[in-house]
Amino acid sequence: MGLLLCLLAAVSLFVGVNRLSPGAVLSDPQALQLLAVSRIPRTAAVLLTGASMAVAGVIMQLLVRNKFVEPGTTGTNEAAMLGLLAVTLLAPSMSLFGKMLAASAAALAGTALFILLARRIPPERPLLIPLSGLVYGGVLTACATFVAIQTDLLQYLGIWMSGEFSGVLAGRYELLWLAGGLAVLSYFAADQFTIAGLGRNVSLNLGLRYGQVLGFGIVTVSLVSALVIVTVGMLPFIGLVVPNLVSRIMGDNLRASLPVVAGTGAGLLLLCDILGRLLRYPYEIPVGTVFGIFGAAVFLYMLLGRRAHG
Amino acid sequence: MADRRILGLSCLLAAAAALFLFWGLRGPVAYILELRLVKLAGLLSVGAAVGVATVLLQTISRNRILTPAFMGFDALFLLLQTGLVAGLGIAGSSQIPALAGFLLDAAVMMGAALVLFTSVLRRTRHDIQLMVLTGVVLGLMFRTITAFLQRLMDPSEFSIVQARMFAQFGSFDREALAMALGLMMLAFWWVWSNHAVLDVAALGRDTARSLGVGHDRLQLKVLCIIAALVSVSTALAGPVAFLGLLVTSLAHSLMRTHRHALLLPAAALISALILVAGQTVFERILMLQSTLAVVIEFCGGLLFMFLLAKGKIR
């Protein structure tokens, strides 16, 4: 899989409107600059986003104990959006870092509220959780839409909402390294997350500080979502599809599967980004759109295919 | 006792309708009255359709938080509107006659809903929750495509789409309204003549079957009725996602019964009352044309969160 990932990354480096051939890099200083300012940052941003969103998804699924949950179906993304909108209106001159902080705080509050709400839902009706989460996200989106209409920001909001990487240049994506770092950090807590996935009572029995692990998980997921939304926009379905695909093959031991989840997330997102760049060459289709359609199709297959023989 | 509540609601609705018709009636009375009558008919039919459709959906899914709008109807409507403006441009899309636009919207939504209901229900062995989730995911997919199309638009095209993103109760096309009314009457007639069967179906699939109700067939029929009602009302006015939720909660807490003979008229009356009274207040007193839909959405959304927090969702 590592090999495949390298191959994709190499392809991504040499796909774009400005022609760039591997041979030119060695001789042409301009080509080298293009590579350093645009292509390498873009590829890195896609890889970091895909990996960290997939990791955030798998953590969320363990904490809520539901396979159909990800930051996009728990209101996390929408809450971050609302925070970003608020800070844009109230303090438009704030730095990117300040905006990120506001979005993270909003995402944190939104996710925590949802986890509180989700506990009220009886566990024998598992499909109700993503359903409620989607409606909850819808309510938050309605608030954001209302504010945006009043302030004529609606089209702007729409552009924010669909994630894409065409604006990524050196100096404009570095926050994503933080998200990547968080994903790596969560690897050290992988065993704790796996146990927490067994439920509150079992984890307490096994001597786990459940509250702490839950808190750490929520903070990680919220921060990753907020970082991704602020830098590239909303990317639904990655956190949902990738962990489900991986856990079909590798099971739920996070220590073993987390690297695979991260790698698959990065690879799939990169593949979709390359597709988005090639389908309407020389224009681009935002990767959010490509992955939105692809991810929805996979999700539906998982939903309906499972029942057909189960 | 219960009949008195229905009677009270009817009186309230009649009063609201009278207020809507005759308040501030000046100038060419006959002309204005005719305009207002058309609008009133539109409000009443959209309200009744949304109320009845939501009660039906909640009955067959045995779930008190669902409304048909969650299942992708709104998203499909928006995609259609966006697609029309994006494909034909401003000039092209404004040349479509209102009636043709209405027919196209209604037909596409109804067709999509029927395909979804029949194909998915068979696959999921009549697991309605799974079907709803499928609808929700499809809705997300539609929204992604809509967002992409809107991104390609220039601001003047976008402003046309933006105007259609929320329900408009200000004007109705007469021919479209007449057709919608006919279809709705048919649907209401079927629902009314089956209200006792619906009571049994609300007990759940196994109980209903052991009591001799052909549950699966009934479910499919009811879903078709829902599809017709929601498609027509959305094509008439636009998306009203949370109105149904608001209405059914109010109807349940007012009637305190599971009998559809009382629930259905109560929901229809409350829904129409909210729309007529709300439109009167917003149009005549506050002089705001288009905010009613947004306010309803917001109240309904808050109510949803409240229901979720109280653990009322089973």
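Predicted model: local features only at pLDDT ≥ 70, side-chain atom pairs only at ≥ 80, totals over all residues.
## Sorting residues into classes

Ala, Val, Leu, Ile, Met, Phe, Trp, Tyr, Cys and Pro count as nonpolar, Asp, Glu, Lys and Arg count as charged, and the others, Gly among them, count as polar.

## The largest pocket

Let's begin with the largest pocket, whose volume is about 610 Å³. It has 25 lining residues, and those closest to the pocket's centre are Gln81(B), Ala98(B), Arg164(B), Ala235(B) and Leu236(B). Now the classes come in handy: 14 residues of this lining are nonpolar, eight are polar and three are charged.

Which helix gives the most to the lining of the largest pocket? That is α3(B), with five residues. Two or more lining residues come from each of α3, α4 (98-123), α6 (155-164) and α10 of chain B.

## A closer look at Gln81(B)

Gln81(B), one of the residues closest to the centre of the largest pocket, belongs to helix α3 of chain B. Is Gln81(B) buried or exposed? Its relative accessibility is 4%, and buried means under 20%, so Gln81(B) counts as buried. Once neighbours within four places in sequence are set aside, Gln81(B) is in contact with Asp105(B) and Arg164(B). Arg164(B) is also among the residues closest to the centre of the largest pocket.

## The largest cavity

How many cavities of 30 Å³ or more does a search of the whole structure find? There are three, and the largest has a volume of about 1200 Å³. The lining of this largest cavity is made of 45 residues, and nearest its centre lie Gly138(A), Thr141(A), Met161(A), Leu140(B) and Arg143(B).

Both chains take part in this lining. The element that gives the most is α6(A), with nine residues. Sorted by class, the lining of the largest cavity holds 23 nonpolar, 17 polar and five charged residues.

## The second largest cavity

The second largest cavity holds about 110 Å³ of space. It is lined by 14 residues, and Val50(B), Pro68(B), Ala69(B), Val230(B) and Val240(B) are the ones nearest its centre. At least two lining residues come from each of α2 (29-61) and α10 (215-237) of chain B. By class, this lining has seven nonpolar residues, six polar ones and one charged one.

## Where the two chains meet

The size of an interface is often given as the accessible area lost when the parts come together. Here, the area buried between chain B and chain A is about 4000 Å², and carbon and sulfur atoms give 75% of it. On the chain B side, Gln129(B), Leu133(B) and Arg151(B) lose the most area to chain A, together making up 17% of what that side buries. Counting contacts, 44 residues of chain B meet 42 residues of chain A.

## A buried threonine in chain A

Our last stop is Thr111(A), which sits in helix α5 (residues 96-118) of chain A. This threonine counts as buried because its relative accessibility is 0%. What does Thr111(A) touch, not counting residues up to four places away in sequence? Its partners are Met60(A), Thr76(A), Ile218(A) and Ser222(A). With Thr76(A), the side chain of Thr111(A) also makes a polar contact of 3.1 Å.

Methods:
Residues numbered from 1 in each chain as written. Chains lettered and ligands numbered in written order. Heavy atoms only, no water. Helix = DSSP H or I, 4+ residues; strand = E, 2+ residues; numbered from the N terminus. Buried < 20%, exposed > 50% of the residue type's maximum accessible area, 1.4 Å probe, protein only. Polar contact = N/O pair within 3.5 Å; in protein donor to acceptor, adjacent residues only side chain to side chain. Contact = heavy atoms within 4.5 Å. 1 Å grid on protein atoms, 1.4 Å probe; cavity = no way out; pocket = protein on both sides within 12 Å on 5 of 7 lines; lining within 4 Å. Points joined across faces, edges and corners; volume = space filled by probe spheres on them. Buried area = accessible area lost by both parts, 1.4 Å probe.
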